[in-house]
2 protein chains.
Amino acid sequence: MKRRMLFSLAAGGSLLATGCTSTRPPASAPAPAPQGTGDLGVVIERAAGALTLINTSQRASIGRVTGLGDLSHASVVFSRDERFAYVFGRDGGLTRVDILTQRITHREMQAGNSIGGAISADGSLVVAQNYQPGGIKVFDAGTLELLADVPAAMADGKRSRVVGLADLPERRFVYSLFDADAICIADCSNARQPQVTTLENIGRQPYDALVSPNGRTYIAGLFGEDGLAMVDLWEDKPKARRILAGYGRGQQPLPVYKMPHLRGWAMAGRHAYLPAIGRHEVLVVDTGSWQEVARIPVAGQPVFVMARPDGRQVWVNFSVPDYNRVQVIDTPSQRVIDTIEPGKAVLHMEFTPRGESVWISCRDDNRVQVYDTHTRQLQASLAVDAPSGIFFTARAQRMGF
Amino acid sequence: MKRRMLFSLAAGGSLLATGCTSTRPPASAPAPAPQGTGDLGVVIERAAGALTLINTSQRASIGRVTGLGDLSHASVVFSRDERFAYVFGRDGGLTRVDILTQRITHREMQAGNSIGGAISADGSLVVAQNYQPGGIKVFDAGTLELLADVPAAMADGKRSRVVGLADLPERRFVYSLFDADAICIADCSNARQPQVTTLENIGRQPYDALVSPNGRTYIAGLFGEDGLAMVDLWEDKPKARRILAGYGRGQQPLPVYKMPHLRGWAMAGRHAYLPAIGRHEVLVVDTGSWQEVARIPVAGQPVFVMARPDGRQVWVNFSVPDYNRVQVIDTPSQRVIDTIEPGKAVLHMEFTPRGESVWISCRDDNRVQVYDTHTRQLQASLAVDAPSGIFFTARAQRMGF
């Protein structure tokens, strides 16, 4: 099952596997001109298994790296120097890409089916969360050497699928077990021997989760019942409690075209903005009481509900059939103030770190559209093959990504 | 008065002015090896007029740039690619330093006495706030070409000293006029013709100010009376109102050894942590009501009161004679949980972007000390000549710096 592909950085080091090539420059090329990395990013090309490398100051693509395998549900984290992208492919591939030299430096088939990963605050550890075989794996961020394999073993000997992985301070990671109704905190301060604390009976089938921007609150969505599981990670002995009992598909489930991504949840000021499941609404929740305080009608079933970095606006995209639209909510008035149509099949959005622009992937138009968030004027339009996730290097400097 | 010193980037370009030299590499050296810039920073050497360049992953100094003039009260902002540092010297010098090539690229004597600057979210404009002559100046961030000189003219024809400058979205900047009791918002969307809105009678002698992390709230401290001036920048017609009437030196002023820096104010969760003026206390204020809700006794007159990025801790340093100490406040319990003695004359602190470490400058020990914020263990100790301000490139991605 496991296939190890470690690429040599030395000049002349050969690429080992078919399909794993990077486009430029070749290994013998001179070093690229000096370039800052704070305004760079990658766009997932989900069909081609490639990355388009972009610069958010120039608002342009600056290169392309191919050979990353199945990126149909890929995610990315960045090294703390903002030079390397770690790409987690759906096929279990973990690939380290040097954005400056535009090459793959390491690639590892670490599982059969994977759903993302995280990086420690000190930049030393990369962790993958896996469906098959279920569990997490801990890697050295510099070499992709496997340091620990932590199976999510259940009482019956089977392994649970792992979802909702996020980094915590002090080389700890939190994640949820879809098949075991549990939340785990793995202390990797000794990376070769992680110590795992398991919170059990947190609710049926956690399917995704997020950490609040300050790293204090972990919230897992439940697929098997209504409501959410929440953990205050600042408590000495963290425990799960249930919040928002009405949140979910309800007792007579509505048709749900796509389960919302929790990772996009917007925390703005004292409110969280949540995608209603199956309803054309965004829910507004008080983060002190975790009571719903308002519902905002929107144009479809929301998928990503994302706050601009200043929290003044929340941007929403939608599932099929309304996924040609994006709506903008003004948070002080809690009203939709604009509806734009960036293109066909809007899959993802990413704000620049200080929020002046937003990049939007339109898969079926093979376009990434860049908008001024204040005026909603189109600032740039990039040709990208079937774009999905957009990830900027500034994520390296934030918790919970 | 004004002296223009534009350094050529071309090979062989000569350095024009005495004292303006960078250490390495010379202009003819080969390009440095590729390097990410997300984990870099600079430390002000206030006596030598130099920068020590540092890497927060290696926890080491990586170079030095000299010839920056009088850095006795200097501040720094960064280009949005995190490659260039703009250094505002007390003598009115504005210097652009390339951290990757470790050279000065441009240097401009733009005023006689300056107190800092800011950079627009799109990275295109750098603005300096000046005491002498009073006003702001707007520069092209790429060339340091002067685009606009905005005098802070008063009714009597004199110019006011400018303090508390911060960037706002959409190429706007906010600042305060010490001599005119006013707060100004300059819209530089047309950078050669800024449009200035002035709020008058905001309180006597604003001496410093800050913008909240989300860019919504501007708060100016008053030297001439008790209380603070606050502006909600999200209002259609922003206006100043007074808050915390008891905040200040009081009617029978205590001896104050050093006025606290407002820019360091900690906003953590729903509370702001403020240095009391002249008292050995940190004030806890509810940011909804702007009422004081608690006082925390500390070891001296606080100068910087800074939240770790997650808001779980607030770190405090002190004025003479207690400036050998730093105290750590746990915000959930609002108690001092640790006192450390990093060295003599602690002048400044800077947290790494995700808060795992803090860098502390100890001027009279010629040391920068790096601590693990969780364990308070010393992680590194760097020899730096009379260090004062510490600035990491991650500031490029935050508002209000």
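Begin by selecting R80(B) and E356(A), whose side chains make a polar contact with each other at 3.0 Å. Keep in mind throughout the tour that what is on the screen is a predicted model.

Where in chain B does R80(B) sit? Colour the strands of chain B, and you will find R80(B) in the loop between β5 (75-78) and β6 (84-88). Is R80(B) buried or exposed? Its relative accessibility is 10%, and R80(B) therefore counts as buried, since buried means under 20%. To see what surrounds this residue, leave aside its neighbours within four places in sequence and show its contacts, which include G38(A), D39(A), T56(A), T352(A) and P353(A) in chain A, together with A121(B), D122(B), G123(B) and A396(B) in chain B.

**The two chains together**

Now zoom out and show both chains. How many residues of each chain are in contact with the other? On the side of chain A there are 45 residues, and they are in contact with 45 residues of chain B. The area buried between chain A and chain B is about 3800 Å², and carbon and sulfur atoms give 50% of that area. Between chain A and chain B, 26 residue pairs are in polar contact, counting pairs with both residues at pLDDT 80 or more, and the count of salt bridges between the two chains is six.

**Salt bridges from chain to chain**

Side chains of opposite charge can pair when their charged atoms come close. Select R354(A) and D167(B), whose side chains meet in a salt bridge with a distance of 2.8 Å from N to O. Next select R270(B) and D286(A), which also form a salt bridge, with their closest N and O atoms 3.8 Å apart. Why does this pair join two chains? R270(B) lies in the loop between β21 (266-268) and β22 (271-275) of chain B, while D286(A) lies in strand β23 (residues 281-286) of chain A, so the pair reaches from one chain to the other. R270(B) has a relative accessibility of 33%, and for this reason counts as partly exposed.

**Salt bridges within one chain**

D122(B) forms a salt bridge with R171(B), and their closest N and O atoms are 3.9 Å apart. This pair links distant parts of the chain, as D122(B) is in the loop between β9 (113-119) and β10 (125-132) of chain B, whereas R171(B) is in the loop between β13 and β14 (172-177) of chain B, 49 residues apart. D122(B) is partly exposed, with a relative accessible area of 30%, and R171(B) is partly exposed too, with 23%.

In chain A, select R363(A) and D364(A), whose side chains meet in a salt bridge of 2.7 Å from N to O. R363(A) is partly exposed at a relative accessible area of 23%, and D364(A) is partly exposed at 39%. Then select E281(A), E292(A) and R295(A), which are linked in a network of salt bridges. Over all chains, the count comes to 38 salt bridges.

In chain A, find the open sheet of four strands with the order β21-β22-β23-β24, where the pairing is antiparallel. Which strands stand at its edges? They are β21 (266-268) and β24 (292-297) of chain A, and each has a single partner strand, so that one side of each is left without a neighbour in the sheet. From one strand to the next, the twist averages 25 degrees. Three bridges join β21(A) to the antiparallel strand β22 (residues 271-275) of chain A, and M267(A) stands opposite A272(A) in β22(A).

In chain B, find another open sheet, formed by four strands in the order β13-β14-β15-β16 with antiparallel pairing. Its edge strands are β13 (162-168) and β16 (195-199) of chain B, each pairing on one side only. Strand β15 (residues 182-187) of chain B pairs with β16(B) in the antiparallel sense over five bridges. To finish, select A186(B), whose bridge partner in β16(B) is V196(B).

Note on methods:
Residues numbered from 1 in each chain as written. Chains lettered and ligands numbered in written order. Predicted model: local features only at pLDDT ≥ 70, side-chain atom pairs only at ≥ 80, totals over all residues. Heavy atoms only, no water. Buried < 20%, exposed > 50% of the residue type's maximum accessible area, 1.4 Å probe, protein only. Polar contact = N/O pair within 3.5 Å; in protein donor to acceptor, adjacent residues only side chain to side chain. Contact = heavy atoms within 4.5 Å. Pairing = 2+ DSSP bridges. Axes fitted to C-alpha atoms, helices over the stretch in contact; angles between N-to-C directions. Buried area = accessible area lost by both parts, 1.4 Å probe. Salt bridge = Lys/Arg side-chain N within 4 Å of Asp/Glu carboxyl O.
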